[in-house]
Amino acid sequence: MNCPECEGAIFIYRELSDSEKQEINEHMATCASCRKLFNEVESINQLVAKVSQTGKQSGHSVSLTDKIMAEISKKEKTGKVVSLQHGSTGFSVTRYSLAAVSAAMLIMFFIEVFASVSEPPTIQGPIYRLQSAVLNSDELRKKFSTRKERKRSLLAECVNPLSKQTDQACLKEKLKKLNF
Amino acid sequence: MSEPFELKTIEKAKTGDQQAFRLLVETYQRFVYSIAFRFTGDEVEAEDLVQECFVRLWKNLDRYNSNYKLKCWLGKMITNISLDFLKSSRKQNEKNRTMMDDHLPVPNPVSSESELETSELYALIMKLANKLTPKQRAAFILRDLEVLDVTEVCDMLSMSAGNLKSNLYYARLHMKENLLKHYKTELQ
C-alpha cells in the first residue's frame with residue numbers, strides 16, 4: 001500500500017474490513033506522515049462522537065406523540081367521510097345514470113358514423129355532379145319561366161284596351177307591389 | 001421493544017388499532033426526531049417533519065415488509081422527508097443559512113464549562129455539515145452523529161457501501177480541514 005491509498009482509507013478506517021485495516025496498520029508502522037494523519041482524523045472522530053449525544057431528545061415528547069395521534073385521527077375521520085359519500089345510494093344512482101347517458105350517446109354516435117359509411121351514394125364522381133347541374137338548371141328554368149309568366153300577366157293587366165298600349169305607371173306600381 | 005412484539009404491534013396497527021400505532025410512535029419518535037433535528041437545526045421544523053413521517057407511516061403501513069426493519073424504514077422516510085424539505089427551501093438559501101445560524105443550539109448560561117464547550121462544538125459541526133452536499137450530509141448525520149450500522153445507513157440512503165464510503169470520505173475530510181483551521185485560528 002502506498003501513501004495516497006492509505007490517506008484515502010484513513011478517513012473511512014471504521015468502515016473497512018479487518019484485512020484492509022491490517023494493511024493500513026502495516027503501512028503506518030513504517031510511515032510517519034500517514035500515522036500523523038491517522039491521529040488527526042481519529043481526534044476529529046472523537047470530537048464528533050462527543051457531540052453526537054447533543055441535540056437528542058431525552059425521551060419521547062408526549063406532546064409531540066399526542067399531536068401525531070391527533071393528526072392520524074383527523075385523517076382517519078376524513079377518510080371515513082369520503083368512503084361513506086362514495087358508498088351512498090344517491091352517489092351510485094348519479095354515477096350509473098351518467099354512465100348510461102354517456103354510453104347511449106356513444107352508441108348513437110357510432111350508429112350515425114356507420115350508417116353514413118355503409119350507404120354509398122348511388123351517383124358518384126362526375127356523373128353525380130352532371131346530374132346535379134342538370135337538376136339545378138331545370139329548377140332555374142322553371143323558376144324563370146314562372147316569373148316570366150307572371151310578368152306577362154301583369155303586362156296584360158296594364159294594357160289599355162282602347163289604345164292597346166301598356167300603362168307604364170300601372171306596370172311599375174304592380175311590379176313594385178310584387179317585389180319584382 | 002423486542003422484534004416479535006414489534007411485529008405483533010405492527011400487525012395490530014395495520015388493522016387500524018391506534019393504541020398499537022401509538023406504541024410504535026413512542027418507540028421510534030426519539031430516533032426520528034433526532035435525524036430531523038440534525039437536518040433542520042430547528043425544533044419546530046423537526047417536529048413538523050416527524051409528524052409528517054408518522055402520518056406517512058400510518059397511511060402506508062399496509063405495504064410494510066417484515067423482512068425490512070421498521071427502524072430502517074422510518075430512517076429512510078425521515079431522511080427523504082428532510083432532504084425534500086431542504087431542497088424546497090433551497091430557494092431561500094441565504095435566508096435559511098441565517099436561520100440555521102440562529103437555530104443552532106445556544107449555549108445555556110448556567111451550563112458548566114465542558115457543557116458549554118460541547119454545545120459550541122456541536123454548533124460548529126452542524127454549521128460545517130450544512131455546507132456538505134445533501135448525500136454527504138445525510139451519510140455524515142446517520143453514520144457519525146446517529147452512529148448507525150453501515151448496512152442500516154446504506155438501506156436508508158439507498159446507496160452501495162462503496163458510495164457511502166465515498167460520501168463519508170468527503171464529509172470527514174471537510175470536517176477535519178475546517179475544524180483544524182478553526183482551532184488553529186482560536187489558538188492564535
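Predicted model: local features only at pLDDT ≥ 70, side-chain atom pairs only at ≥ 80, totals over all residues.
Local features need pLDDT of at least 70 and side-chain atom pairs count only at pLDDT 80 or more, whereas totals for chains, interfaces and linings use all residues. Residues are numbered from 1 along each chain as its sequence is written, chains are lettered from A in the order in which they are written, and side-chain values use heavy atoms, with hydrogens and water left out.

**Chain A**

- Chain A has seven helices and zero strands, where helices (H or I, at least four residues) and strands (E, at least two) are DSSP runs numbered from the N terminus.
- Of its 180 residues, 19% count as buried; buried means under 20% relative accessible area, exposed over 50%, and partly exposed in between (1.4 Å probe, protein chains only).
- Among the contacts in chain A with a separation of 6 or more, 40% join residues 24 or more positions apart, a contact being heavy atoms within 4.5 Å.

**Interface of chain A and chain B**

- The contact draws 38 residues from chain A and 39 residues from chain B.
- About 3,800 Å² is buried between the two chains, with carbon and sulfur atoms giving 65%; buried area is the accessible area (1.4 Å probe) that two parts lose on being put together, summed over both.
- Twelve residue pairs are in polar contact between chain A and chain B, both residues at pLDDT 80 or more. A polar contact is a pair of N or O atoms within 3.5 Å; within protein, one must be able to donate a hydrogen and the other to accept it, and residues adjacent in sequence count only if both atoms are side-chain atoms.
- On the side of chain A that touches chain B, the elements giving two or more residues are α1 (3–10), α3 (32–51) and α4 (62–87). The largest share, twelve residues, comes from α4(A).

**Salt bridges**

- The structure holds 15 salt bridges over all chains, and six are found across the interface of chain A and chain B; the term denotes a side-chain nitrogen of Lys or Arg within 4 Å of a carboxyl oxygen of Asp or Glu.
- The side chains of K176(B) and E40(A) meet in a salt bridge (3.4 Å, N to O). This pair crosses between chains, from helix α9 (residues 161–187) of chain B to helix α3 of chain A.
- K176(B) is buried, at 11% relative accessible area, whereas E40(A) is partly exposed at 22%.
- E40(A) also forms a salt bridge with K36(A) (3.9 Å, N to O). Both residues lie in helix α3 of chain A, four residues apart, about one turn of the helix.
- E146(B) pairs with R38(B) in a salt bridge, the closest N and O atoms being 3.0 Å apart. E146(B) lies in the loop between α7 and α8 (150–157) of chain B and R38(B) in helix α2 (residues 18–40), so the pair ties together parts that are 108 residues apart in sequence.

**D144(B) and its surroundings**

- D144(B), in helix α7 (residues 134–145) of chain B, is buried with a relative accessible area of 6%.
- Its side chain makes a polar contact with that of R172(B) (2.8 Å).
- A network of salt bridges links D144(B) with R14(A), E15(A), R143(B) and R172(B).
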